[in-house]
Amino acid sequence: MRSVIWDLGGTLVDSYPDVDRALAVAVHGEDAVGEDELREVAGLTRVSSGHAIETLARRHGVPETRLRTAYERTKETWRTDPPPAVAGAHEVLAAVTAAGGLNLVATHRDRESATQLLRTLDLDVDDMVCAPDGFARKPDPEMPLELLRRHGLDAADVLAVGDRPGDVAAALAAGVPGVLLETPEIPLDAPDARRITDLREVLGLLGLPA
């Protein structure tokens with residue numbers, strides 16, 4: 001049975017709608033945000049939040065500080081009003097556990113906020129590494145390699161699932177097959193990734209019943 005290395009935000013937690021809207025409003029104002037504005041932001045946040053902030057600031061002549069403040073305020077609201085779990089997350093985590101696998105998380109989020117999200121949304125994982133604890137950010141493979149080392153796992157027996165090309169690149173550099181959870185209509189450059197649009201498709205990739 002394969003264990004799974006999960007990304008957190010955008011993969012297990014449906015954080016993008018809040019972030020995309022917050023950045024779009026910071027650029028255009030509340031009344032001027034429509035589908036086109038949200039789509040522009042979405043294409044950037046799926047690379048990284050930092051990439052989105054830098055690109056939007058340059059493209060629209062908006063101070064980066066305004067965008068970073070909007071992003072941090074959004075994360076702060078999650079302490080009392082967190083985004084929902086991604087559809088199928090609880091089901092897939094439970095299936096991996098029931099089959100004897102481990103659910104492991106590699107995230108750029110700080111440990112306090114990541115732990116709070118997992119606890120609030122009742123997402124049960126076995127271990128987690130967080131970049132702010134001193135690990136290199138993806139696409140560097142340091143976090144997946146650390147999880148493999150901690151748990152004595154063979155990379156061939158592990159699947160990595162994320163929503164950004166960097167998640168897949170980090171996994172592949174660690175020898176772990178990578179799966180990209182795509183947002184419909186948001187093209188991403190990850191040529192070596194297996195692509196899915198529903199988290200429950202992971203069950204089939206693991207040979208588990210849907």
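Which residues does Glu146 touch, not counting residues up to four places away in sequence? The views below come from a predicted model, in which local features need pLDDT of at least 70 and side-chain atom pairs count only at pLDDT 80 or more, while totals for chains, interfaces and linings use all residues. Residues are numbered from 1 along each chain as its sequence is written, and side-chain values use heavy atoms, with hydrogens and water left out.

**View 1. Glu146 in helix H7.** Glu146 belongs to helix H7, residues 142-151, where helices (H or I, at least four residues) and strands (E, at least two) are DSSP runs numbered from the N terminus. With residues up to four places away in sequence set aside, Glu146 touches Val129 and Phe135, a contact being heavy atoms within 4.5 Å. Glu146 counts as buried because its relative accessibility is 15%, given that buried means under 20% relative accessible area, exposed over 50% and partly exposed in between (1.4 Å probe, protein chains only).

View 2. Leu44 is placed in helix H2, residues 35-45, and is buried at a relative accessible area of 8%. Apart from neighbours within four places in sequence, Leu44 is in contact with His51, Ala52, Thr55, Leu56 and Arg59. The C-alpha atoms of Leu44 and Glu54, which are ten residues apart along the chain, are separated by 9.6 Å. Helix H2 and helix H3 (residues 49-60) pack at an angle of about 135°, and their axes are 7 Å apart; axes are lines fitted to C-alpha atoms, for helices over the stretch in contact, and angles run from 0 to 180 degrees between N-to-C directions. H2 is therefore oblique to H3, since angles under 35 degrees count as roughly parallel, over 145 as roughly antiparallel, 65 to 115 as roughly perpendicular and the rest as oblique. From H2, Glu40, Val41, Leu44 and Thr45 meet residues of H3 that include Ser49 and His60.

View 3. In helix H5, residues 89-98, the residues Ala89, Val92, Leu93 and Val96 are buried. Seen down the axis of H5, its buried residues fall within an arc of 100°, so they line one face of the helix; the arc is that of the directions from the helix axis to the C-beta atoms. These buried residues pack against strand S1 (3-6), strand S2 (103-107) and helix H9 (201-205). After H5 comes Gly100, with a positive phi near 95°, in the loop between H5 and S2. Gly100 is exposed, at a relative accessible area of 61%, and its C-alpha atom is 8.1 Å from that of Ser3, 97 residues apart in sequence.

View 4. Most residues other than glycine have a negative phi, and most peptide bonds are trans. Lys138 and Pro139 are joined by a cis peptide bond with omega of about 20°, and Pro139 is found in the loop between strand S3 (127-130) and H7. Asp122, a residue other than glycine, has a positive phi near 55°; it is located in the loop between helix H6 (111-120) and S3. Glu185, also not a glycine, has a positive phi of about 70° and lies in the loop between strand S5 (178-181) and strand S6 (194-196). Asp122 counts as exposed at 59% relative accessibility, and Glu185 counts as exposed at 69%.
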